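This report goes through helix packing, ligand contacts and some backbone details of one model. Please keep the sequence and the 3D view at hand while reading.

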Amino acid sequence: MCGIIAYKGKDKAISVILEGLKNLEYRGYDSWGIACKSNPSIVLTKGVGNIGEVTEEEIKSELYKGKPLTIGIGHTRWATHGGVTKENAHPHQSENHRVAVVHNGIIENFEELKAKLKNIKFKSETDTEVIPQLLQYHMESRKDFEKAFVDTLKELQGNYAVVAIDQQSDKVLFGKVGSPLVIGKKEDEYFVASDIPAFLKHTNQVIYLEDGEYGSIGDSLKIYKLSNNQIINKDVQTVDWNLEQAQKGEYPHFMIKEIMEQRDSITRALEQKNSNLLKVIEMMKKAKGIFLVGCGTSFHACVSASYNFSHIAKAHVNIVLASEFRNYEEFLTDESLMIAVSQSGETADLIDAVKVAKAKGVKIISLVNVMGSTLKRMSDESLLMNAGPEICVCSTKNYTSQLAILLLLAYGFADRLEEGKELIQSAANKVEELIKNNLDKIKDLAKKLKDNKNMFLIGRDLAYPSALEGALKIKEVSYIHAEGFAGGELKHGTIALIEEGTPVITLATPETEQLINSNAIEIKSRGGYIIGIGSKKHEVYDFYIEVPNFKQANPLLMIVPIQLLAYYLAVERNCNPDKPRNLAKSVTVR
Ligand code: G6P
């Protein structure tokens with residue numbers, strides 16, 4: 001995925017766009033670019049690497065030629081088609097340099113379109129460049145930027161959020177299918193971006209665009225349906241995210257800030273209207289076949305929930321990775337129910353899974369953090385995580401919010417909603433103390449483990465998904481190979497990798513400690529270094545982190561020391577935990 005920001009308003013396009021791109025870097029940070037409308041031509045600058053270090057002065061020296069810059073577009077890229085080079089960085093221009101375009105998504109028919117434009121010389125290897133070139137092609141016959149833009153959009157197949165500017169027009173044009181695009185409005189200033197943090201400093205008044213909509217910002221904002229060019233009246237909504245939530249504040253990284261915030265984010269997750277929860281629970285009770293579906297961390301929340309549904313609700317749920325969901329198509333009927341779990345609500349594999357389910361008449365409940373997301377809009381019912389913006393690429397606070405809501409649903413299913421709320425809140429209230437008691441120990445542990453090549457995590461029952469998620473956190477940000485297993489599984493092969501000093505994190509709950517500690521003994525006898533996490537110390541542990549026992553809510557707390565360990569491992573190894581290599585916050589490609 002990539003990040004887009006466009007601005008039209010006062011003579012401050014450079015600073016708004018630069019800042020917006022810095023706030024969108026979690027969406028991609030291979031390369032970046034900014035283009036502003038100037039006279040006599042569009043001015044453009046691009047760079048490889050992340051934009052974090054680039055200053056306004058540097059950009060100004062490239063773009064500002066003493067003329068007001070009130071219209072501009074910017075892009076931060078996560079490469080798909082074409083390597084990470086300056087030529088491939090957006091914005092892309094038409095051959096005649098009249099228009100400039102930024103795009104997030106994939107143009108599936110770009111080769112076909114390129115063939116049609118065979119007389120035009122392309123500069124990059126991207127699929128995106130067909131958009132400005134096609135725009136130029138249509139402008140030659142249409143003689144009108146907006147009409148040519150509409151003709152262009154109609155020819156694109158695939159996913160796009162696209163914004164275009166024209167040197168000879170004062171309009172900013174935009175359109176979307178499949179990728180997110182939201183408009184911010186502040187009196188006579190307009191922002192168009194992939195996500196709200198890009199412009200949250202300026203306004204919290206937003207308009208969410210739906211697929212198949214396009215529009216223009218000229219003297220005013222106009223939005224149309226692409227299929228029939230009819231104008232649409234859209235509501236302006238107020239978002240309740242605040243700027244502090246979208247900024248690092250005193251913390252060196254978003255990851256540590258977001259880990260530290262978890263008492264509050266879990267508390268906010270619990271602030272669901274009972275009527276909404278009960279509606280969802282009712283749908284679950286009625287359903288014949290419930291599928292919990294997600295990707296990455298969100299999938300781990302589903303795995304954890306499957307134990308809660310079994311233990312508390314005595315209800316059978318299927319857990320399926322979104323990218324594999326299609327293979328279960330034959331089991332879907334119009335009485336099935338899908339619970340789609342996603343921080344961003346934009347992950348392409350999950351959106352595809354939802355489409356497969358909807359085609360079979362399946363009802364969709366989504367658990368999302370981003371209010372105007374595609375997934376939320378595709379759902380019959382939706383519960384918001386209320387975690388606030390999660391900026392670090394790896395998910396921490398949103399994971400515990402997902403765990404909290406899914407656990408609450410399990411309690412609700414068993415008609416014990418209030419009991420569930422109390423348990424989760426009391427666990428949340430312990431987060432700060434847990435961090436305070438263990439922070440220095442975990443920093444020391446990270447120093448000790450930082451040069452290891454492999455690490456293993458084991459847990460049983462509810463601690464098993466925590467082992468999966470813990471391993472993912474360590475891999476994502478520190479690049480140490482880590483694998484999570486069910487306690488019983490390590491011995492079926494992987495134990496062959498245990499050598500003198502191999503770190504193994506064991507996650508114990510009171511119900512599973514006996515068996516998991518006996519696994520730890522097996523590992524230790526082969527030289528493993530045991531890091532025990534749980535409510536009771538055991539002599540087999542070489543290192544112990546105490547996590548208080550909150551029964552079914554244990555996963556909410558158990559993951560916190562591992563999140564911290566992953567963070568400090570990244571710091572020790574000089575990796576930027578907020579922007580891990582090759583990753584993107586939400587993956588909008590298949
Ligand atoms: C990406 C992120 C992961 C995240 C996954 C699912 O791979 O790097 O951290 O867990 O997407 O994202 P979602 O927004 O659907 O929860």
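The axes of helix 8 (residues 274-286) and helix 13 (residues 417-428) cross at roughly 115° and come within 12 Å. Axes here are lines fitted to C-alpha atoms, for helices over the stretch in contact, with angles from 0 to 180 degrees between N-to-C directions. Helices (H or I, at least four residues) and strands (E, at least two) are DSSP runs, numbered from the N terminus. The crossing of helix 8 and helix 13 is right-handed; a crossing has this hand if the near helix is turned clockwise from the far one by less than a right angle, and is left-handed if anticlockwise. Asn274, Leu277, Leu278 and Ile281 of helix 8 make the contact with Leu417, Glu418 and Lys421 of helix 13, where contact means heavy atoms within 4.5 Å. By class, the contact of helix 8 with helix 13 has 4 nonpolar, 1 polar and 2 charged residues. Ala, Val, Leu, Ile, Met, Phe, Trp, Tyr, Cys and Pro count as nonpolar, Asp, Glu, Lys and Arg as charged, and the others, Gly among them, as polar.

The model is predicted, so local features need pLDDT of at least 70 and side-chain atom pairs count only at pLDDT 80 or more, while totals for chains, interfaces and linings use all residues. Residues are numbered from 1 along each chain as its sequence is written, and side-chain values use heavy atoms, with hydrogens and water left out.

Helix 1 (residues 13-24) and helix 2 (residues 56-63) pack at an angle of about 130°, and their axes are 10 Å apart. Helix 1 is therefore oblique to helix 2: angles under 35 degrees count as roughly parallel, over 145 as roughly antiparallel, 65 to 115 as roughly perpendicular and the rest as oblique. This pair also has a right-handed crossing. Ile14, Ser15 and Leu18 of helix 1 meet Glu56, Ile59, Lys60 and Leu63 of helix 2. The residues of this contact divide into 4 nonpolar, 1 polar and 2 charged.

Helix 9 (residues 296-313) packs against helix 12 (residues 397-413) at an angle of about 25°, with the axes 9 Å apart. The two helices are therefore roughly parallel to each other. Helix 9 passes helix 12 in a right-handed crossing. The contact includes Ser298, Ala301 and Phe309 of helix 9, and Leu403, Leu406 and Tyr411 of helix 12. By class, it has 14 nonpolar, 6 polar and no charged residues.

Ser298 is also among the closest of the 14 residues that surround the ligand, together with Ser342, Gln343, Ser344 and Thr347. The table lists polar contacts (pairs of N or O atoms within 3.5 Å).

| Residue | Part of the residue | Distance to a ligand oxygen atom |
|---|---|---|
| Ser342 | side chain | 2.6 Å |
| Gln343 | backbone | 2.8 Å |
| Thr347 | side chain | 2.5 Å |

Some backbone details remain. Most residues other than glycine have a negative phi, and most peptide bonds are trans. A cis peptide bond joins Asn39 and Pro40, with omega about 10°. Pro40 lies in the loop between strand 2 (31-36) and strand 3 (43-48). The peptide bond from His90 to Pro91 is cis, with omega near 0°, and Pro91 is in the loop between strand 4 (71-77) and strand 5 (92-93). Lys143, a residue other than glycine, has a positive phi, near 55°. Lys143 is in the loop between helix 4 (130-142) and helix 5 (145-155).

Technical notes
A residue is near a molecule or strand if one of its heavy atoms lies within 4 Å of it. A polar contact is a pair of N or O atoms within 3.5 Å; within protein, one must be able to donate a hydrogen and the other to accept it, and residues adjacent in sequence count only if both atoms are side-chain atoms.
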